[in-house]
Amino acid sequence: MSEKEVVQQGAADSAARPHDEQPTEKTDLKDEAAKSDKNESEGEIEEEDLYKPLLMDANIPHEDDPVTVRAIVVGCILGSLVCASNLYLGLKTGFTFSANIFGAIFGYGILKFFEKAGGKIPLIGGFFGPQENSIVQAAATGAGGTGGIFVAALPAMYRLGVMGEGRSPRDDIGAIFTITLVASFIGLFYVTPLRRFFIVQVARELKLLFPTPTAVALTIRSMHAGAAGSLEAMKKLKCLAICFVTSMIHRVVSTYAIGILYDWHIFTWFHIWSGYKSWALNIESWGWYFEWTPAFIGSGILIGLNPAISMFVGSLMAWGLIGPLLVHYGECIGIQLAPDDPKWDSYYSFASLKNLGKVTPSPRYWLLWPGVMVMVCSSMAELFVQYKAIWAGVKSLWNHTCSGINYALEKRGKQSAFFAKHGAPREKSEHAVEDPFPPEQQVKDWMWIVGLLACLVAGILIFHFQWEMNGGLTILAIFLAFLFSFLAIQIGAVTDNTPLTAAAKASQLIFGAATSNGNYSVEHAQKLNLVAGALASGGADTATALVSDFRTGFLIGTPPIKQWVAQAIGVFVSVWLGPGLFVLFTTAYPCIWNGDDHCAFSVPSVSAWAAVAQAVTDPNVSIPLSSGIFAIVMGVISVIQVVVRHFYLVGEREKYREWLPNWGAIALSWVIPAPVFANAALLGAIIAHFWRKYSMRTWEIYGYAVAAGFIAGEGFGGVINAVLTILKVDGYTVGTHIACPLNEC
């Protein structure tokens, strides 16, 4: 398999990107490079250099300015669809999704139609090329990417009651707008100067291939490759549209008979058929049923067998072995859901996170800590084995800062030997990639510096007056956001695994220590903890998306300033759209924020964030000793595997790497008490495996389009369901719950 093929098969960013962890683990780049070299030596195929701009079709006309009104508007509209989908899917499962593949393919179809039908109509007609296509996906990525804080930190604040007695998100819409503004734009500004470092200076040396952004670029190029590419692109578009509409309709219609069309509670069926006297309900209580969720079948199609199997094994370990043993030996307890009904008295919940510190914990709380520990340890280990990138990044940032200061001094007729020395151009590494864009096509320093300073000042004022966080803690939160962005980008560039939750949880732990001796009340400390986590994950999310877009633009030939402007506009749209959608969902489903057990959303990320905040701020809430010991052991094991993988499984032994478990995916299954998602993802991965095996050609045309359509379609169907719920004509109100446990799904 060539490096190019690996990238094409690894377009996982169009798959589920869990707010907690991206459950993907790409084949090691060194391994794939070796395979590529082998293929070339055997004369199979001549591979192009994926660390240089792609060779585009020579017949494509020059694009004077790819940032067009039509590209921005279409990109923002498509990104808004994904943003709405992310709110639904994130609250339901803890997962969010990127808009880049969706925006690239759908954007191609829409603007190609404008090109043909619009003629020379201003703002609509005119030539549509690959650079403009990259602008569409950049705007879509920006508009679709701020959902993370709405599916975790913000609902957790209301669940813990730190926003005030009886307050709802609708009451705090102004504060929600402002925290979204800061968390989104701070990442956009502080990561801008790191473009050259990640994309140009050390990309080849450290093999920062950025699998997903590269796959997006290859997809855009193939769609614009003459008549054949156009024909293939239209096939992708039709497939994506059909899957999007089908998935959306299925999600809406299925709620009116959810136990038949969506959730298959097979063990409940056995219980009913046995006259309500079987053992099967004990298995049902642990979440073992199958859900026909297009989003997670689509996710499984993209992530591959290794992470999908790892997720399933993690669920089996947690909710089929460890959890039952914990309850059996009295370490944890479940809650009987219908103690007064003899038909359902054996139906329990083992996922409660209420009354922590007051009652024996649930298996979910016990398993939360090993899950978080493994996520953090495996992510940090992946970072530290790439220690060269850390040091190179520090030096590059210092050199760039000194160069900027020296340039500003020289313009004013002043000199500084210190800044001149440390800001002097560095010798180019033999691995350095030539930046094809001249200075006038780069993002100007003043643009990100002014923006960053404005965000810092606005952030200090906003967090002080609206969130009761002093300036020192705000600066600490922003510094952590920058630090974790650097880590997330570097890890994601190699593994396509962006550890946003590892960043957020680490930030929560640090803030727990920072506020422990500050004479804060428990409620105040919890608010600060969650705000800091939101800023860390939100900033890292936006920063990662921007660098990913820079990588796509670099390959396609789109000037960085154009990508930056497009994504900034998209982010601005999402700042207003995200809070509005959040209020829509919390109005339709108050259980999201008030903690009612009977809820259409399991909000796994919300509960996990709230539990961590309580554990690090409330002296009455502790981590069970056995859970802590198990967490340390599993964290060490995950680190050992990373070290073995990078330093021992090399050369002839590299072939064994694909058999190693994906500890990030396993840990994710421990944190999310829903084996149903692992089941659906495994089905999708199996489908994709045999699809690629027996018809690679059709997979290359339709595979990602099917998955992207399924994912976005179900999410948008959830938005429609929210509107129907407010109107009281939704399936949960007027539909049937036949074949569901307790007659309620």
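User: Leaving aside neighbours within four places in sequence, which residues is Asn 721 in contact with?
Analyst: Keep in mind that this is a predicted model. Asn 721 sits in helix α29, residues 696-726. Skipping its neighbours within four places in sequence, its contacts are Arg 251, Val 252, Thr 255, Tyr 589 and Asp 730.

User: Is Asn 721 buried or exposed?
Analyst: Its relative accessible area is 5%. The cut-off for buried is under 20%, so Asn 721 counts as buried.

User: How do α3 and α29 lie relative to each other?
Analyst: Helix α3 covers residues 69-93, and its axis comes within 7 Å of that of α29. On the α3 side the contact is made by Leu 81, Ala 84, Ser 85, Tyr 88 and Leu 89, while the α29 side includes Ile 711, Phe 716 and Val 719. The axes cross at roughly 75°. Angles of 65 to 115 degrees count as roughly perpendicular, so that's the word for α3 and α29: roughly perpendicular.

User: And α5 with α9, what's the word for how they lie to each other?
Analyst: Helix α5 is residues 130-143 and helix α9 is residues 211-223; their axes come within 10 Å and cross at roughly 135°. The contact is made by Pro 130, Asn 133, Ser 134 and Gln 137 of α5 and by Val 216, Ile 220 and Met 223 of α9. That angle makes the two helices, therefore, oblique.

User: What is the handedness of the crossing where α5 passes α9?
Analyst: We're still on the pair whose axes cross at roughly 135°. As α5 passes α9, the crossing is right-handed.

User: Which residues does Ala 140 touch, not counting those up to four places away in sequence?
Analyst: Ala 140 belongs to helix α5. With 0% relative accessibility, Ala 140 is buried. Not counting residues up to four places away in sequence, it touches Gly 75, Gly 79, Ala 99 and Gly 103.

User: How far apart in space are Ala 140 and Val 74?
Analyst: In sequence, 66 residues separate Ala 140 and Val 74. Going C-alpha to C-alpha, the distance in space is 8.0 Å.

Conventions
Residues numbered from 1 in each chain as written. Predicted model: local features only at pLDDT ≥ 70, side-chain atom pairs only at ≥ 80, totals over all residues. Heavy atoms only, no water. Helix = DSSP H or I, 4+ residues; strand = E, 2+ residues; numbered from the N terminus. Buried < 20%, exposed > 50% of the residue type's maximum accessible area, 1.4 Å probe, protein only. Contact = heavy atoms within 4.5 Å. Axes fitted to C-alpha atoms, helices over the stretch in contact; angles between N-to-C directions. Parallel < 35°, antiparallel > 145°, perpendicular 65-115°, else oblique. Left-handed = near helix turned anticlockwise from the far one by under 90°.
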